[in-house]
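Subject: Structure handover

Hello,

Here is the structure for you to open. My notes on it follow below.

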Amino acid sequence: MSKKLYSGHTLKQIRSDFGLSQTEFAKKIGLSTAYVNQIENNNRPVTASVLLTINRIFGVDLAAFEKNDLDRVVQDLQEVFADTQFHSSSVSRQEIQELVTRAPGITKVIMDLYGALRNYHDRDAIEDELVHTGGAEESGSGIRMSAYDEVRDYFHYTDNYVDSLDRAAEKLAYEISLHNCPSKFDRLTGWLKKKFDIAVEQHGDYQGTLIRQEDYTRKISVYRAAPQSTKNFLLGSVIAELCVKDLISEEVERAKFKTRSAESIARLALRNYFSGALLLPYDDFLRAAAKCRHDIQLLSNTMDASIETICHRLSTLQRPGANGLPFYFVKIDRAGNVVKRHSATRFQFARFGGSCPRWNVHQAFEQNSNKFTSQVAQMPDGVQYLCIATSITKHQADYSTGERRYALGIGCEVKYADAIVYADGLAVDEVSEPEPIGVNCRICPRDNCDQRAFPAIDKEPFIDPGQRGIVPYRVKTTD
């Protein structure tokens, strides 16, 4: 290798994934424990021979060592240090990379503190508003990250893949023969009755409830008018609580969430993860996705799952030794709020603020539901992505229920375009002109963007009285 590769964090993660101590891991790859310890602490580089040995024994994709999840942490920290509160102390990307590589634990603490600080300011603003409107209440107990942000970060930094739940779901799917039955709902209801003596009924009175579970009557009631794929998914989530409750508890305990709210949200998210993996077993889904070149509509129709579930499942295919394409997945509401965000790529989502208006996921709201659009986009770091977007409309129970519409975005690096049907007809070669997008206006370095909402927070705006463009101000870099 022409460049020394320090990737101790990745090596440590692989060892942890296989449940091995340093001594056991060293023995398997033919090295001393001291040598492995030095690699994990980035005191020694990972050599080509070590990489090949790890690939041969554990089936790990070598690309993980070149661009591991620490790239995301570097990008997240860049967003933190771009804040005006840190302008008196300039922090370079090289310094951030050094910190992330050698002290990932400290890095996490810095991001948690910054997130808590922003949350404190948000809550302070709310309390000010309550004072003005005469509705002030006593302040909460201290500064903390929101529960949803905690859970989002958990999935973000695990590549949105939970091995123990994924394998358990796949095993159960084969035991139930769920992968080759004409009706998944009928198969699941029959299995619940046989295995747990739980009867599944359907109710027509919505009243805001899609599913009700009554333990004392051994009965589950599902909203009759819900789409069939939704019913299947809801039953899968119930089965997760019945069959893998202990595995979910282990994952929650391992994540060390700071609040009980985060733990409860994580439990629901993990039950939903299990449900998706049960309905779309890993190996079968991986093969089907590759065969149809990741045609989301076709997968939805043939595998009896919603467009959203298919997109989400594609973003989870990161099993060691059997990786699918690395996708990102995002779900956004009409106000621009990010409802879900997961990524197995280097694609950077904004942790704070909105997202880039040039990104085609926002244009999806202008299209009919389930109509797909594609875009070749380039982030400020030079990486190009194939971005696929569509919109979905959720079921409406009655006239008074407001329409719920969301935009879904899924994508991967352009180098995988040949394996994706949505790239057909697009110019994805090096001479094409990709759409320049950023994380969001808050930290985007592109000063000449005609869709910029406001200057980046590390730039000082000024008005030139002699000229005016589409954006009414010019900027200079803050010293």
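Is K256 buried or exposed? K256 is exposed, because its relative accessible area is 65%. The cut-offs use a 1.4 Å probe and protein chains only: buried is under 20% relative accessible area, exposed is over 50%, and partly exposed lies in between.

Before the rest, two notes on the basis. This is a predicted model, in which local features need pLDDT of at least 70, side-chain atom pairs count only at pLDDT 80 or more, and totals for chains, interfaces and linings use all residues. Residues are numbered from 1 along each chain as its sequence is written, and side-chain values use heavy atoms, with hydrogens and water left out.

**Overall**

The protein has 17 helices and 13 strands. Both are DSSP runs numbered from the N terminus: helices are H or I with at least four residues, strands are E with at least two. Of the 479 residues, 45% count as buried. Take the contacts with a separation of 6 or more: residues 24 or more positions apart account for 60% of them. Contact here means heavy atoms within 4.5 Å.

**Two positive phi values**

Most residues other than glycine have a negative phi. K256 is not a glycine, yet its phi is positive, about 55°. K256 sits in the loop between helix 13 (245-255) and helix 14. D304 also has a positive phi, near 55°, and is a residue other than glycine. Its loop runs between helix 16 (296-302) and helix 17. D304 is partly exposed, at a relative accessible area of 30%.

T316 lies in the loop between helix 17 (307-314) and strand 4 (318-319). T316 is buried, with a relative accessible area of 1%. Its side chain reaches the backbone oxygen of R313 at 2.7 Å. Leaving out residues up to four places away in sequence, T316 touches N160, Y161, Y273 and Y282.

D163 belongs to helix 10 (residues 163-176). D163 counts as partly exposed, at 27% relative accessibility. D163 and T316 are 153 residues apart along the chain, but their C-alpha atoms are separated by 9.9 Å. Again leaving out residues up to four places away, D163 touches R319 and P320. The side chain of D163 also makes a polar contact with the side chain of R167, at 2.9 Å. A polar contact is a pair of N or O atoms within 3.5 Å; within protein, one must be able to donate a hydrogen and the other to accept it, and residues adjacent in sequence count only if both atoms are side-chain atoms.

**Two helix pairs**

Two packed helices are described by the angle between their axes and the distance between the axes. Axes are lines fitted to C-alpha atoms, for helices over the stretch in contact, and angles run from 0 to 180 degrees between N-to-C directions.

The axes of helix 10 and helix 15 (residues 282-291) come within 8 Å and cross at roughly 90°. That makes the two helices roughly perpendicular. Angles of 65 to 115 degrees get that label; under 35 is roughly parallel, over 145 roughly antiparallel, and the rest oblique. D166, E170 and Y174 in helix 10 meet Y282, D283 and D284 in helix 15. By class, this contact has two nonpolar, no polar and four charged residues. Ala, Val, Leu, Ile, Met, Phe, Trp, Tyr, Cys and Pro count as nonpolar, Asp, Glu, Lys and Arg as charged, and the others, Gly among them, as polar.

The axes of helix 2 (residues 22-29) and helix 4 (residues 48-58) come within 10 Å and cross at roughly 100°. Helix 2 and helix 4 are therefore roughly perpendicular too. F25, K28 and I29 in helix 2 meet T53, I54, I57 and F58 in helix 4. By class, this contact has five nonpolar, one polar and one charged residues.

**Cores**

A nonpolar core is a set of buried Ala, Val, Leu, Ile, Met, Phe, Trp, Tyr and Cys residues joined through side-chain atoms within 4.5 Å. The largest has 68 residues, and L278, I296 and L314 touch the most other members. Helix 14 (residues 260-279) gives the most to this core, with nine residues. Apart from it lies another core, of 21 residues, including V330, V361, M379 and I437.

Best wishes
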